[in-house]
Amino acid sequence: MLLPLLRRTLPGVGLRWQHRAAVEVTNEPVLEFKPGSPERQALQKALNDLKDKTEEIPCVVGGEEVWTADVRYQVSPFKHSHKVAKYCYADKDLLNKAINAALAARKEWDLRPVQDRAQIFFKAADILSGPRRAEVLAKTMVGQAKTVIQAEIDAAAELIDFFRFNAKYAVELEQEQPLSVPPSTNSVVYRGLEGFVAAVSPFNFTAIGGNLAGAPALMGNVVLWKPSDTAILSSYTVYKSLLEAGLPPNVIQFVPADGPVFGDAVTASEHFCGLNFTGSVPTFRRLWKQVSENLERYRTFPRLAGECGGKNFHFVHASADVPSVVSGTLRSAFEYGGQKCSACSRLYAPDSLWPRIKGRLLEEHQKIKVGDPVEDFQMFFSAVIDQKSFGRIQKWIKHAETSPNLSILAGGRCDDTVGYFVQPCIIETQDPKDPIMQEEIFGPVLTVYVYPEKQYQDVLRLIDSTSPYSLTGAVFAQDKAVVAEARKLLRNAAGNFYINDKSTGSVVAQQPFGGSRASGTNDKPGSRQYILRWTSPLAIKETHKPLGDWKYPYMQ
């Protein structure tokens with residue numbers, strides 16, 4: 001996949017250039033899984049293989065499988081009686097051992113040519129695209145309650161794209177060299193960071209876990225990966241795929257752990273040099289605070305990258321296409337149970353269109369099926385991830401039931417008898433500043449505020465000031481002047497901004513993802529600039545003739 005390296009040397013001055021054509025990479029095709037298709041048959045076999053099975057998943061430290069006494073279980077969200085994985089938490093001593101094992105491998109790994117490191121990730125992508133595709137999809141479906149299409153766009157397409165495009169960007173980065181003026185040659189070496197990187201990944205995207213650990217590793221870093229407790233099963237498959245592709249065992253240490261124990265251990269080490277994080281705002285703030293308190297002990301200033309969710313909006317103007325608004329909002333708000341960082345949870349509709357929008361929303365809402373995504377591929381979404389999430393969402397629905405400003409238009413029934421099921425809930429608010437419009441819920445709850453049509457500019461300002469987050473947002477309008485106005489007034493309200501499209505569904509290399517404010521550091525995974533976060537460039541000047549007299553001409 002990597003094109004041959006061409007070299008030429010300029011006569012007389014000893015300058016050397018390296019010429020490479022661009023590495024050709026395209027986005028992984030999203031398979032359709034139609035009845036009778038080969039991919040559907042392979043997936044159904046993989047799902048059958050997981051039925052009532054519990055996979056044992058150890059910590060992997062220093063290339064060895066390790067079990068501690070703190071044994072845990074990951075359960076299937078839509079059938080919590082099924083323990084899909086048995087795993088254990090790494091304790092402080094084991095985490096320190098993981099740090100030492102990683103550091104021992106750092107220099108050799110960092111010195112490996114980037115082409116060699118990239119080939120490992122190209123091969124891992126090929127493994128996930130081919131022989132392990134059905135397996136990682138099945139484990140994502142069973143372990144994280146994703147439907148077939150949500151698993152496919154995540155654990156297959158997005159993860160494969162992360163590996164391939166990051167590898168492409170890493171190889172091409174070496175071409176970005178400074179000017180050389182005779183008699184000197186200038187170059188930049190893109191080194192890994194000095195120390196180890198801690199990767200903390202969430203449950204909601206298998207791909208994010210692979211990228212949080214994989215991107216720093218690709219750039220020559222060693223990593224301690226703490227996967228989410230509720231995504232252990234799929235994360236371990238990703239980890240094994242990397243090893244199968246040739247990743248040396250000590251480059252990534254696989255260490256499930258209690259969050260505070262992990263945070264305390266990694267931030268206490270003098271060799272801590274980076275955090276790659278996706279999760280909640282309180283957790284990221286806690287880790288950032290720990291880093292600042294320990295700053296004097298570190299050998300280098302740590303790089304902190306984080307993505308922390310959002311309170312994402314759909315703004316509808318009177319010129320909008322109503323069917324697009326309805327379809328886009330239903331998908332954004334409810335696919336994967338509203339558990340995407342980018343999910344729409346607040347809708348602003350003009351009073352002139354609201355009767356039509358409301359009628360279509362409620363009509364289509366009745367068609368949404370919620371249940372077991374393995375037994376019935378007709379399900380639009382399944383259970384929310386765990387009991388804690390179920391309880392949090394249930395409290396918000398009770399808030400809507402008791403608040404004089406809120407009225408439930410549809411859905412909201414909660415039942416955790418078999419799995420953690422929450423029916424998609426649509427709420428209307430009279431108060432655009434109600435807490436339900438400001439705080440992240442991370443569940444299938446959509447709140448609508450109906451505004452006077454002519455006050456749309458005030459509403460745009462309201463959107464920008466309502467929530468502390470700034471992740472994704474969408475504007476639905478056919479009036480180009482309104483779109484231009486919205487782009488200006490909402491310039492800082494989102495890191496991913498959509499026009500006449502839903503607020504979810506970013507694609508690697510097409511819509512690099514991330515937001516600012518409370519949503520994170522906006523480092524844009526899926527882009528060229530993201531991999532630069534995990535390098536420490538070394539600029540080198542080599543002069544090819546004696547320096548001569550120390551005196552300057554003006555001194556003569």
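Phe 442 is buried, at a relative accessible area of 16% (buried means under 20%, exposed over 50%, partly exposed in between, with a 1.4 Å probe and protein chains only). The residue sits in the loop between β19 (425-429) and β20 (445-451). Helices (H or I, at least four residues) and strands (E, at least two) are DSSP runs, numbered from the N terminus. Phi of Phe 442 is near 60°, a positive value in a residue other than glycine. The model is predicted: local features need pLDDT of at least 70, side-chain atom pairs count only at pLDDT 80 or more, and totals for chains, interfaces and linings use all residues. Residues are numbered from 1 along each chain as its sequence is written, and side-chain values use heavy atoms, with hydrogens and water left out.

Asp 52 also has a positive phi, of about 60°, although it is not a glycine. Its place is the loop between α1 (38-50) and β3 (55-57). Asp 52 is exposed, with a relative accessible area of 54%. A cis peptide bond runs from Pro 182 to Pro 183, with omega near 10°. Pro 183 lies in the loop between α5 and β8 (184-191). Most residues other than glycine have a negative phi, and most peptide bonds are trans.

The protein chain holds 15 helices and 25 strands. Its radius of gyration is 25 Å, close to the 24 Å that the globule rule gives for 556 residues, so the chain is as compact as a globular protein of that length. The radius is taken over C-alpha atoms, and the rule is 2.2 Å times the number of residues to the power 0.38. Along the principal axes, the C-alpha atoms fill a box of roughly 85 × 60 × 50 Å. Of the 556 residues, 55% count as buried.

The largest nonpolar core has 77 residues. Such a core is a set of buried Ala, Val, Leu, Ile, Met, Phe, Trp, Tyr and Cys residues joined through side-chain atoms within 4.5 Å. Among the residues with the most contacts inside the largest core are Leu 43, Phe 163 and Trp 534. Helix α5 (residues 148-173) gives the most to this core, with 14 residues. Another core, of 61 residues, lies apart from it and includes Trp 354 and Val 459.

Residues 24 or more positions apart account for 76% of the contacts with a separation of 6 or more. Phe 272 is found in strand β12 (residues 272-278). This residue is buried, with a relative accessible area of 1%. Phe 272 and Ile 99 are 173 residues apart in sequence and 8.9 Å apart in space, C-alpha to C-alpha.

Asp 351 is placed in the loop between β15 (344-350) and α11 (354-365). With a relative accessible area of 39%, Asp 351 is partly exposed. Beyond four places in sequence, Asp 351 touches Val 450, Tyr 451, Pro 452 and Glu 453. Asp 351 and Tyr 451 are 100 residues apart in sequence, yet 5.7 Å apart in space, C-alpha to C-alpha.

Asp 479 lies in the loop between β22 (472-476) and α14 (480-489). Asp 479 counts as partly exposed, at 31% relative accessibility. Leaving aside neighbours within four places in sequence, Asp 479 is in contact with His 317 and Ser 319.

Methods. Contact = heavy atoms within 4.5 Å.
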